[in-house]
Amino acid sequence: MNAVYDTGDSMDWAAVVIRAADAAWDGSRYVGSELGPVDEAGALALGLEYRLIRDGQFCAVAAPSREAALQIHAALGLHWRPYTPVPSTVSTPSGADTTALQRKYRWRVHADPVSSATMPCRAYWQGTSLTLRANTGRDAELAAEAAAVFDIPLDGISVTGADIPPDQSSYDAAIDAAIVARMLQRPVQVWPCRESDLDTVLTIRHAANVGSDGRLLSLLTQPGQPEVLRPSAATICTLAGREAVRFQQIENERRLGADYARSQLLQAPLSTIRLDSALTMTAQRAAQLFAQESYADELAQEAGCDPVQWRLQQVQDPAGRALLEQVASAAGWRTGIRGGNTLADGSETRRGQGFACAHVIDESRDPALSAWAAWVVDVSVDASTGSVKLDKITVGHHLDDLLIADAEDSRWGQELASAAQNLLQAGGTHDLWLTRKDGDQASSEGRLRSDLMTAGPAPITDTTARIGAPAALSSSPALGLPAAAAVANAIYDATGIRLREAPFGRDLSDEVLQLGLDGNTDSSSRSGRPKSQARRAWAWALGIAGGLAGAVIAAVPWRPVMAPVTPDLSLYSAAAIERGRLVAAASDCVVCHTAAGGEKNAGGLAMDTPFGTIYSTNITSDRETGIGAWSFAAFDRAMRQGISRDGRHLYPAFPYTSFAKFSDGDMQALYAYLMSEPAVAAKPPETKLAFPFSMRPMMAYWNLLFHENEPYAYNTEQSALWNRGAYLVQGPGHCMACHSPRNAMGAEKNGPSDFLAGGVVDGWVAPALNGSAPTTVAWTAQDTFDYLRTGFSDRHGVAAGPMAPVVASLQALPDSDIQAMAVYLSSLRTDASAQSATASTPAAEPSRAIMPPEPRVLSLAGQNVYEGACAACHDATRGSPMFGVRPSLPLNTNITADEPDNLIRIVLEGIAQPADPALGYMPGFADTLNDKQIVELASYLRGKYAAQRDPWNNLEESVQRVRAESERHASHTQGGRP
Amino acid sequence: MSLELCVNGVAQQVDAEGDTPLLYILRNDLELNGPKYGCGLGECGACTVLLDGMPARSCVVPASAAVGRKVTTLEGLGSQDALSVVQQAFVDAQAAQCGYCINGMIMTAHALLMRNPQVNEDDVKRALQYNLCRCGTHVEIVQAVMLAARRLRDRSSA
């Protein structure tokens with residue numbers, strides 16, 4: 001019986017791969033910091049089973065579970081030998097004396113640092129046959145690369161995928177898993193590591209040799225980076241000197257672009273692709289085509305020639321010529337020289353038409369497949385706002401050897417239109433709300449919908465010009481490529497502004513707005529910033545003057561009662577009410593405005609503040625006890641200025657300081673939603689604070705001093721996603737209400753380093769979100785996304801206490817909104833964590849200071865409590881996985897925190913109301929562990945898992961204090977939220 | 001309040017508060033006494049049931065969490081006449097002394113082997129680490145799980 005299980009088959013292990021943050025590939029070899037000796041002392045001290053695997057620059061930690069592997073990874077001391085890049089000499093294209101019209105184009109690949117789909121890649125060896133499970137969308141390439149890397153026959157490799165969207169990083173993870181699995185001789189899982197938060201910018205230079213007669217002799221192209229698909233990161237890291245570049249030609253055999261004159265591809269200057277960049281072949285091609293087709297328009301302009309005519313002069317392929325002519329005629333092409341023709345026009349709206357085409361020859365097929373696509377885009381630009389509207393898109397398409405298929409299929413038309421619209425992610429869309437759909441998590445829908453979300457007025461699509469439309473347009477490599485150039489050319493035609501960076505979101509609104517300003521049209525949207533500064537200065541002046549004069553009450557502006565009304569709900573559409581529901585969810589209204597066991601939004605929740613207990617109010621549509629008699633104006637005043645309908649000042653426990661950031665549309669929608677909800681007659685207890693805080697009119701001074709009543713101002717320096725995240729965090733989400741420190745007057749401090757620098761609420765420590773909170777591993781955007789979406793990050797812990805209902809409330813929002821918040825919050829961290837010595841990501845810092853854990857005597861009594869009470873659920877390597885998640889204590893932020901309060905509180909109270917039942921529950925130990933046992937436990941956990949941090953002082957006092965706090969809170973709320 | 005549960009494949013309606021521990025409902029309302037009350041804090045494992053196939057300590061899981069999930073108790077693994085492979089192996093290996101922990105041992109082992117019957121002794125010991133047994137029949141318990149694993153593998157290869 002013993003021999004049976006000894007087959008080498010065994011449970012899966014998990015591996016975490018360690019790579020330098022600056023790891024890159026220069027087209028043939030690894031470039032980046034090199035890993036020196038690894039100090040395993042800290043990892044060994046954990047007493048967990050693991051293996052460290054190294055081969056060249058490839059390094060991985062494998063352990064029986066992912067939690068254990070992450071723990072060990074965090075405990076390793078890594079020495080990096082920093083890499084100094086050779087300064088690249090950027091040479092301009094040359095080759096002839098008559099080089100003319102040098103132009104540089106840029107294509108920004110937005111980092112997509114968070115993804116809702118997380119699924120490990122799994123590798124499993126049986127002898128020399130390899131089974132890989134990975135969603136790469138590139139199964140054949142993956143198998144080919146594995147065959148080459150491991151020198152095994154291709155037919156011994158099987159690749160399977162699951163039903164989630166393919167993923168670039170899965171490709172790397174698959175080979176990682178295969179390498180580790182081979183070393184360990186057991187199945188291994190590796191979780192795909194998301195790309196970095198940094199955008200990648202591709203730069204492409206063009207120049208042309210033009211004959212003396214103005215004819216194009218040759219076209220020079222110089223891409224800024226290697227023009228090949230890189231092999232997997234593991235392959236690059238393990239290559240280290242071995243024969244290289246045999247994988248790189250896989251997609252390279254395809255030629256791209258319309259054959260203008262003699263195209264000449266110049267070598268890229270010395271440059272590299274970062275291994276964690278989101279760069280894909282698709283992006284590279286899009287960039288290349290955008291550059292070439294924009295350049296073609298510029299050459300045509302230079303030659304004084306119509307852009308379509310100019311292209312027809314160059315293109316020889318009869319199929320291509322036919323397509324170009326047909327599309328131009330179908331689109332109603334206005335023949336003539338482009339650009340500037342409508343500049344002098346005084347009208348607000350300027351129209352333009354742009355043309356672009358693509359020709360792709362796929363030589364990997366036999367015979368080589370030739371595909372043509374041509375686009376004409378009609379735009380109108382509103383000169384006063386800078387907004388660009390796509391009026392019409394005409395797309396023609398030709399594929400060799402394909403029959404005419406169903407031309408009525410409107411789906412492709414829609415998709416192409418939204419792809420084009422997506423290029424115009426210009427400013428001002430931070431208050432667009434989308435409903436969360438079923439299966440949003442772990443699906444591609446989030447991304448698809450985010451394409452559609454910025455599509456303003458639906459563009460008209462006209463695809464009648466299809467020639468030989470193939471059965472599956474998506475399989476055509478050429479179809480969507482001309483979009484960016486066609487849009488850029490159309491905008492040039494309309495405005496005379498040549499956009500050389502795409503997608504256009506970042507600079508479009510600025511540049512086009514500039515146009516609007518020059519045209520002396522309304523510029524109110526530009527003056528937001530100075531106005532708010534002026535107002536702030538004025539507020540301070542008045543506040544001080546008021547204080548000096550001593551005539552406090554007299555100086556208080558009188559606030560009128562607003563007349564009760566009966567709201568007319570017929571004014572609001574179902575869509576507005578639905579939008580309001582989402583605004584309410586993002587704003588967590590129900591969390592504070594519902595008492596334990598009480599009716600939704602009927603108020604009465606007690607909030608302990610340093611100034612006394614404040615009870616939330618009834619915000620249902622009841623006329624007597626709720627806000628049913630409030631007009632929109634009264635509601636708007638309350639939300640933005642903190643003044644109730646009856647003219648009384650509200651206390652800023654109601655975060656009107658954040659809600660003032662609402663857009664008008666959101667405010668209307670929220671009002672509509674609340675008024676459409678059922679009325680509940682319930683009179684919550686009255687808030688009675690001690691003097692002087694009982695003097696509500698005093699709040700007028702508070703507001704003058706601390707409240708800035710300004711809606712959110714769109715930051716054009718940042719992406720649409722970032723702005724959406726900033727709006728959600730600062731406005732509806734009112735994260736600062738808990739996570740920013742408050743001053744003695746209960747106002748959020750507004751120093752430069754105070755923003756989201758951590759606070760205290762209801763006795764819970766709300767950790768800093770700006771990167772200054774000590775953690776074992778630094779928060780990434782992906783971590784933040786996981787935490788906000790699911791209530792749990794396996795690298796940090798679980799949402800509990802007052803954060804659990806916040807996560808539960810956010811469930812109503814789509815993935816794209818959670819991504820936006822994650823991206824915005826990450827951007828705050830990058831600055832602060834650079835200064836913070838305690839926060840460190842091993843993989844994100846080329847050189848990491850090693851702090852050998854000092855030998856510390858651990859509490860045996862504490863260990864006993866841990867083994868008995870905690871380990872069954874929290875031990876990462878032993879015990880069965882159980883229902884719910886298994887938060888790793890070594891990585892838990894509450895154990896590395898400055899104060900032990902949250903740890904003690906959670907041990908006492910447990911988690912009876914998780915953000916999501918699927919996270920599982922934790923029993924409270926208030927009645928079974930005494931103060932001494934909790935002190936021992938806390939001291940043991942701190943010493944064992946946060947050895948890099950100082951021990952907590954005065955644990956006895958802390959436990960007593962937190963226990964008293966917890967009991968007091970329990971008596972207030974009688975058992976948690978509803 | 002009324003809760004809709006699905007226990008061992010049967011829809012059940014029980015009248016209880018949502019925060020009642022699932023164990024109480026299983027034992028007191030549904031008369032399923034396979035799961036045992038041990039420590040009441042999720043430490044010993046005697047109360048283990050499966051929620052959607054994952055082991056769960058039913059003394060610390062509120063009944064509301066079981067709504068919409070499949071609950072499987074010891075009674076749901078097999079019947080008196082046809083025991084499940086793991087149950088039969090525990091009988092054959094004479095793994096029970098007092099038997100109080102055996103519910104948790106069987107449920108946890110069952111979940112382990114359903115995920116992967118290719119286990120070695122270390123894997124079994126690791127998985128059962130936090131199921132406490134006061135009598136000290138650990139050796140027999142591990143043997144029983146290995147026996148069940150072998151039978152499952154034989155069955156699937158046959």
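Contact here means heavy atoms within 4.5 Å. The model shown is predicted, with local features requiring pLDDT of at least 70 and side-chain atom pairs counting only at pLDDT 80 or more, whereas totals for chains, interfaces and linings use all residues. Residues are numbered from 1 along each chain as its sequence is written, chains are lettered from A and ligands numbered from 1 in the order in which they are written, and side-chain values use heavy atoms, with hydrogens and water left out.

**View 1. The interface of chain B and chain A.** On the chain B side 32 residues are in contact with 29 residues of chain A. The area buried between the two chains, that is, the accessible area (1.4 Å probe) lost on putting them together and summed over both, is about 2,700 Å², with 63% given by carbon and sulfur atoms. Of the area that chain B buries against chain A, 25% is supplied by B:Leu41, B:Arg126 and B:Tyr130, more than by any other three residues.

View 2. The side chains of B:Arg126 and A:Glu49 meet in a salt bridge, with an N to O distance of 2.8 Å.

**View 3. Elements of chain B that face chain A.** Six residue pairs, both members at pLDDT 80 or more, are in polar contact across the interface, a term for a pair of N or O atoms within 3.5 Å in which, within protein, one must be able to donate a hydrogen and the other to accept it, residues adjacent in sequence counting only if both atoms are side-chain atoms. At least two residues each of the side of chain B that touches chain A come from β4 (54-57), α2 (63-66), α5 (102-115), α6 (121-127) and α7 (138-157) of chain B, these elements being DSSP runs numbered from the N terminus (helices, H or I, at least four residues; strands, E, at least two). Helix α7(B) gives the largest share, five residues.

**View 4. A salt bridge within chain A.** The side chains of A:Asp12 and A:Arg122 meet in a salt bridge at 2.6 Å, N to O. Because A:Asp12 lies in the segment before β1 (13-18) of chain A and A:Arg122 in strand β9 (residues 121-126) of chain A, the pair ties together parts that are 110 residues apart in sequence. Over all chains, the structure holds 32 salt bridges.

Terms used
A salt bridge is a side-chain nitrogen of Lys or Arg within 4 Å of a carboxyl oxygen of Asp or Glu.
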